[in-house]
Amino acid sequence: MSQRREERRSSYTKAIGAIAWKDLAAELRSKELLSAMLVFSLLVIFIFNFSLELDVKTRNSVTSGVLWATFAFAGTLGLNRSMSIEKDRGCLDGLLLAPVDRSAIYFGKAISNLAFMLIVEAIVLPIYSILYNTNLFKPGLLLVILLGSLGYTAVGTLLSAMSVQTRTRDVMLPILLFPIILPVLIAAVRASGGYLQNLPFDQILPWLNLLIVYDVIFTAIAFMVFDYVVEE
Amino acid sequence: MIKVRKLVKRFGLKTVLKGMEFTVETGEFVALIGPNGAGKTTFLRILASLARPSMGVVSVAGYQLPKQSAEVRQRLGVVSHQPLLYVDLTATENLKFYGKMYNLPDLDNRINEVLEMVGLTTRRDDLVRTFSRGMQQRLAIGRAVIHDPDVMLFDEPYTGLDQDASAMLDDVLRTVAARGRTVVMTSHDLARTEDLATRFDVLSRGVIAASAIKEDFGAGNLLSFYKSVIAEGAKQ
């Protein structure tokens with residue numbers, strides 16, 4: 001009995017690893033998704049710069065908002081593309097035919113989506129720092145970016161699996177995602193702003209707690225409902 | 001091997017399968033033929049555990065659907081008109097990925113065997129996006145048999161293939177069936193279907209309208225058998 005359970009656990013983790021590896025290997029070859037996300041992110045930052053006139057005085061107060069708006073918009077591009085690749089050639093059926101619990105598909109896709117988002121953020125942050133002469137490399141801020149990205153991909157992966165089944169999937173994902181992701185974005189913007197303005201930790205802590213609770217709750221919900229979302 | 005009783009599938013108000021009864025014995029090669037919209041693909045998707053039945057009992061290899069779907073999927077290989085392959089991965093990488101999804105031991109040897117069977121050993125390290133439609137379909141069959149399933153489901157496997165590619169696919173299908181696997185195939189190519197299958201079921205208006213073996217209608221007469229069943233259904 002315990003040996004069977006051990007086998008199931010091993011095939012479950014192998015499936016998660018296989019999906020994440022497959023996404024990263026295909027993307028390293030095509031670079032379609034990352035290049036689109038990256039170019040879009042840089043354009044958004046430039047547009048914000050011209051429209052908000054990010055001078056030294058206002059920079060610290062708006063940087064966190066600009067960064068998270070950029071990550072959120074670029075993130076929808078990545079989530080849409082990542083699930084479209086599965087749907088367009090019927091590959092989602094190939095994943096669903098595997099003899100593993102279907103939540104493994106969710107976790108595999110969520111890990112690769114998170115990796116894409118973190119890669120884009122890792123490139124955008126130094127560029128933003130250089131362009132606007134702002135130090136973004138603070139451990140606290142990096143933790144907030146990790147937690148915020150985690151929550152974003154936890155919800156986004158589930159909703160992209162739903163929206164990809166609709167005819168208007170490109171439009172549907174942001175319409176579904178942004179209202180649900182709002183608590184993550186607010187908490188991430190406030191916590192990031194706190195670190196950038198060097199606020200005391202006890203003022204940042206409630207926002208960090210909100211991010212952690214949101215990440216845990218939505219990962220658990222996605223784990224429970226993913227099977228119903230993808231089956232006809 | 002496959003038992004279906006009083007199967008009903010509804011999409012909203014539309015009922016696609018209306019109390020369908022269907023049985024396949026081990027080792028049989030059953031062709032499921034019928035007009036467009038008869039519910040063939042929907043039925044295969046239910047057998048493949050990709051769709052839930054609205055009502056009725058479905059069991060594959062002794063396991064009930066949808067309750068024991070993971071056990072069913074372990075014994076099932078599916079080929080559809082879409083290849084279910086990743087074009088930015090090589091043939092070997094695609095097979096390796098699906099092999100890992102099935103948690104297969106000794107994967108490298110199994111990949112070599114499968115590539116040999118579908119005749120793609122020399123193109124093993126090429127990206128799938130460089131493959132012709134016929135080669136992609138052969139690799140799709142390799143993907144479907146990598147875990148050596150007992151039951152194979154083919155949904156319109158000839159769609160988009162030219163004559164040469166179709167002939168090559170015939171050989172691969174015969175090899176797959178010759179290993180004692182139970183096969184259910186839907187196709188509009190009646191000449192090829194007659195050549196390959198051992199039993200022919202006509203699905204019309206959500207039920208199996210007729211079932212026959214080759215001897216019942218004589219060689220080369222599948223088309224006339226099919227037309228007579230459809231015409232009779234239209235009268236009722």
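In this predicted model, S59(B) finds its bridge partner, Q64(B), in strand 5 of chain B. The pairing belongs to an antiparallel arrangement in which three bridges join strand 4 of chain B to strand 5 (residues 63-65) of chain B. These two strands form a hairpin with two residues between them, and A61(B) in the turn has a positive phi of about 55 degrees. Strand 4 of chain B (residues 55-60) is also joined, by five bridges, to strand 1 (residues 2-11) of chain B, again in antiparallel fashion. Within strand 4 of chain B, V58(B) is the bridge partner of V4(B).

| Strand pair in chain B | Bridges | Direction |
|---|---|---|
| Strand 1 (residues 2-11) and strand 4 (residues 55-60) | five bridges | antiparallel |
| Strand 4 and strand 5 (residues 63-65) | three bridges | antiparallel |

**Overall form of chain B**

The secondary structure of chain B consists of nine helices and 10 strands. With a radius of gyration of 18 Å, close to the 18 Å given by the globule rule for 236 residues, chain B is as compact as a globular protein of that length. Its C-alpha atoms occupy a box of roughly 55 × 40 × 30 Å along the principal axes. Of the 236 residues in chain B, 45% are buried. When contacts between residues at least 6 apart in sequence are considered, 70% of those in chain B join residues at least 24 apart.

Helix 5 of chain B (residues 133-145) has 13 residues and spans 19 Å from its first C-alpha to its last, close to the 18 Å expected at 1.5 Å a residue. Because 11 of these 13 residues are buried, helix 5 of chain B is largely enclosed by the rest of the structure. The buried residues include R138(B), L139(B), I141(B) and R143(B). They pack against strand 6 (76-79), helix 3, helix 4 (107-117), strand 7 (151-155) and helix 6 (163-178) of chain B.

The largest nonpolar core holds 139 residues, of which L211(A), L47(B), L153(B) and V184(B) touch the most other members. Leaving aside residues up to four places away in sequence, L153(B) touches L44(B), L47(B), A48(B), L76(B), V78(B) and V184(B).

**Contact with chain A**

In chain B, 25 residues are in contact with 23 residues of chain A. Helix 2 (69-74) and helix 3 (91-101) of chain B are the elements giving two or more residues to this side of chain B. Helix 3 of chain B gives the most, with five residues. The residues on the side of chain B that touches chain A comprise 15 nonpolar, four polar and six charged.

Terms used: Residues numbered from 1 in each chain as written. Chains lettered and ligands numbered in written order. Predicted model: local features only at pLDDT ≥ 70, side-chain atom pairs only at ≥ 80, totals over all residues. Helix = DSSP H or I, 4+ residues; strand = E, 2+ residues; numbered from the N terminus. Rg over C-alpha atoms; globule rule 2.2 N^0.38 Å. Buried ≥ 20, exposed ≤ 12 C-beta atoms within 10 Å, placed from the backbone. Contact = placed C-beta atoms within 7 Å. Nonpolar A, V, L, I, M, F, W, Y, C, P; charged D, E, K, R; others polar. Core = buried A, V, L, I, M, F, W, Y, C linked by C-beta atoms within 7 Å. Expected span 1.5 Å × (residues − 1). Pairing = 2+ DSSP bridges.
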